[in-house]
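Here's a quick tour for anyone meeting this structure for the first time. Have a look at the sequence and the model, then read on.

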Amino acid sequence: MAIERKNYDHLGPVVGPYSHAVKHNGTLYVSGITAFGSPAQGQSIEQQAEFIFSQLGKLAEVENTSLASLLKVTIFVTELEGIDGLRQVLFRHYGEHLPASSLVQVKSLFSPEVSIEIEAVFAI
């Protein structure tokens, strides 16, 4: 099976040694998305998560699917304050289609104004 490395205009330019996503065998693996460079940068974890899910939703549309096709998400946060609000954001975007999920607290991400990064895996 072919491996397809993909970049999406709405996610901005890739500035490192990675692709926005890699598609293989009916699965789309999405690199970590943050609110960096958006109006949500530096805002609450909930506002950053909303922005990230809007980006994931656009990506899903480009791939002719939806957030209901999420298989797995990995969420990296720099603080646990605001987690209850984050959970509400997640339930709202997942609806009845709850993916497998991991939440990991990290010391920092690449910018102090970014407090959450989300990786995703979609069934395509």
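For the residue classes used below, Ala, Val, Leu, Ile, Met, Phe, Trp, Tyr, Cys and Pro count as nonpolar, Asp, Glu, Lys and Arg as charged, and the others, Gly among them, as polar. Keep in mind that this is a predicted model.

**The largest pocket**

- About 440 Å³ of space lies in the largest pocket.
- Its lining is made up of 19 residues. Sorted by class, that's nine nonpolar, nine polar and one charged.
- Nearest the centre of this pocket you'll find Leu 11, Pro 13, Tyr 18, Thr 34 and Phe 36.
- E3 gives the most, with four.

**The nonpolar core**

- The largest nonpolar core has 27 residues, and the members that touch the most others are Val 30, Leu 56, Ile 75, Leu 86, Ile 116 and Phe 122.
- E3, H1, strand E4 (70-77), helix H2 (83-94) and strand E6 (116-123) each supply at least two residues of this core. H1 gives the most here, with seven.
- Take Val 30 as an example: setting aside neighbours within four places in sequence, Val 30 is in contact with His 20, Ala 21, Leu 56, Leu 59, Glu 119, Ala 120 and Phe 122.

**Helix H1**

- H1 runs for 18 residues and reaches 26 Å from its first C-alpha to its last, close to the 26 Å expected at 1.5 Å a residue.
- Quite a list of H1 residues is buried: Ile 45, Gln 48, Ala 49, Ile 52, Phe 53, Gln 55, Leu 56, Gly 57, Leu 59 and Ala 60.
- What covers those buried residues? E3, E4, H2 and E6 are among the elements that do.
- After H1 comes Asn 64, which has a positive phi, near 60°.

**A loop residue: Ser 115**

- Where does Ser 115 lie? You'll find Ser 115 in the loop between strand E5 (100-105) and E6.
- Is Ser 115 buried or exposed? Ser 115 has a relative accessible area of 9%, and buried means under 20%, so Ser 115 is buried.
- Not counting residues up to four places away in sequence, Ser 115 touches Gln 43, Ile 45, Gln 48, Phe 76, Val 77, Thr 78 and Leu 109.

Methods: Residues are numbered from 1 along each chain as its sequence is written. This is a predicted model: local features need pLDDT of at least 70, side-chain atom pairs count only at pLDDT 80 or more; totals for chains, interfaces and linings use all residues. Side-chain values use heavy atoms; hydrogens and water are left out. On a 1 Å grid over the protein atoms alone, a cavity is a set of points where a 1.4 Å probe fits but cannot get out, and a pocket is an open set with protein on both sides within 12 Å along at least five of seven lines; lining residues have an atom within 4 Å of a point. Grid points are joined across faces, edges and corners, and a volume is the space filled by probe spheres set on the points. A nonpolar core is a set of buried Ala, Val, Leu, Ile, Met, Phe, Trp, Tyr and Cys residues joined through side-chain atoms within 4.5 Å. Buried means under 20% relative accessible area, exposed over 50%, partly exposed in between (1.4 Å probe, protein chains only). Contact means heavy atoms within 4.5 Å. The expected span of a helix is 1.5 Å times one less than its number of residues.
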